[in-house]
Amino acid sequence: METAADATELRPSPPRKPSRKRHRGVLKYPVVRQLIRFTGVGVVCTASSLAIYALLRPWIDPQLANAVALIVTSLMNTALNRRLTFKITGRKKRAQDHLSGVIVIAIALIITGGSLGVLHLLRPEATVTEELWTTTLSGFVATAVRFTLLRHWIFRRARHV
């Protein structure tokens, strides 16, 4: 028989569905959150690319050093942006995303390689430091193009996360 104490005891409530996280201010816009995450990924990948370039440059041509640095970091960049920036997990379309990422990297290579070409046309005796500055500044342009292509072409299925 149930006593009054048993009837009034606290019982665990049924499990609730997790509430959707609400963002405030400018963070309520998915593009702002994506830009913040994209910037973090970009900092890591840019530092890696510059380090690879600086390590290779004493032994190989600047265009080749730039290409190797971009290609090596491109797979890391696409994987990190896929997972962190656009919140895409799992294997579905992963190969297609990376293949599309290679096209985006080719565009970045044209932008940064073109800037190096212009630098050496104007200043054939340019130093490695000047080359690094040139690839970094042109990398900002390439980054804007990359974010736009990632968001509106490759990962358009996740634009609102």
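K93 sits in the loop between α3 and α4. Helices here are DSSP runs of H or I with at least four residues, strands are runs of E with at least two, and both are numbered from the N terminus. K93 has a positive phi of about 65°, although K93 is not a glycine. At 40% relative accessibility, K93 counts as partly exposed, because buried means under 20% relative accessible area, exposed means over 50%, and partly exposed lies in between (1.4 Å probe, protein chains only). K87 belongs to the loop between α3 and α4 as well. K87 is not a glycine either, and its phi is positive, about 55°. K87 is partly exposed, with a relative accessible area of 45%.

A word on the model itself. It is predicted, so local features need pLDDT of at least 70 and side-chain atom pairs count only at pLDDT 80 or more, while totals for chains, interfaces and linings use all residues. Residues are numbered from 1 along each chain as its sequence is written, and side-chain values use heavy atoms, with hydrogens and water left out.

Now step back to the whole chain. The protein chain has five helices and zero strands. Read along the sequence, the pattern is α-α-α-α-α. The chain holds 161 residues, and buried residues make up 32% of them. Contact means heavy atoms within 4.5 Å.

Next, look at how helices meet. Start with α2 (residues 30–56) and α5 (residues 128–154): their axes come within 10 Å and cross at roughly 145°. Axes are lines fitted to C-alpha atoms, for helices over the stretch in contact, and angles run from 0 to 180 degrees between N-to-C directions. The crossing of α2 and α5 is right-handed. A crossing is right-handed if the near helix is turned clockwise from the far one by less than a right angle, and left-handed if anticlockwise. Which residues make the contact? From α2 come P30, V31, Q34, L35, F38, L50, Y53 and A54. From α5 come V128, E131, L132, T135, T136, T143, R146, F147, L150 and R151. By class, the residues of this contact are 11 nonpolar, four polar and three charged. Ala, Val, Leu, Ile, Met, Phe, Trp, Tyr, Cys and Pro count as nonpolar, Asp, Glu, Lys and Arg as charged, and the others, Gly among them, as polar.

Helix α5 also packs with α3. Here the angle is about 35°, and the axes are 13 Å apart. The crossing of α3 and α5 is right-handed. On the α3 side you find P62, N66, S74, N77, T78 and N81. They meet E131, T135, R146 and L150 in α5. The residues of this contact divide into two nonpolar, six polar and two charged.

Pick out T135 in helix α5. Is T135 buried or exposed? At 8% relative accessibility, T135 counts as buried. Not counting residues up to four places away in sequence, T135 touches L50, N66, T112 and L116.

Move on to helix α4 (residues 94–122), where G101 is found. G101 is buried, at 3% relative accessibility. Leaving aside neighbours within four places in sequence, G101 is in contact with T78, R146 and I154. G101 and A79 are 22 residues apart along the chain, and their C-alpha atoms are separated by 9.3 Å. H98 has a relative accessible area of 17% and is buried. Its contacts, again leaving aside neighbours within four places in sequence, are L75, T78 and A79.

Finally, find the largest pocket. About 550 Å³ of space lies in it. The search uses a 1 Å grid over the protein atoms alone; a pocket is an open set of points where a 1.4 Å probe fits, with protein on both sides within 12 Å along at least five of seven lines, and lining residues have an atom within 4 Å of a point. Grid points are joined across faces, edges and corners, and a volume is the space filled by probe spheres set on the points. The largest pocket is lined by 24 residues, and the closest to its centre are G42, C45, T46, G139 and T143. Which helix gives the most to the lining? It is α2, with nine residues. Helices α2, α3 (62–85), α4 and α5 each supply at least two. By class, the lining has 11 nonpolar, 12 polar and one charged residues.
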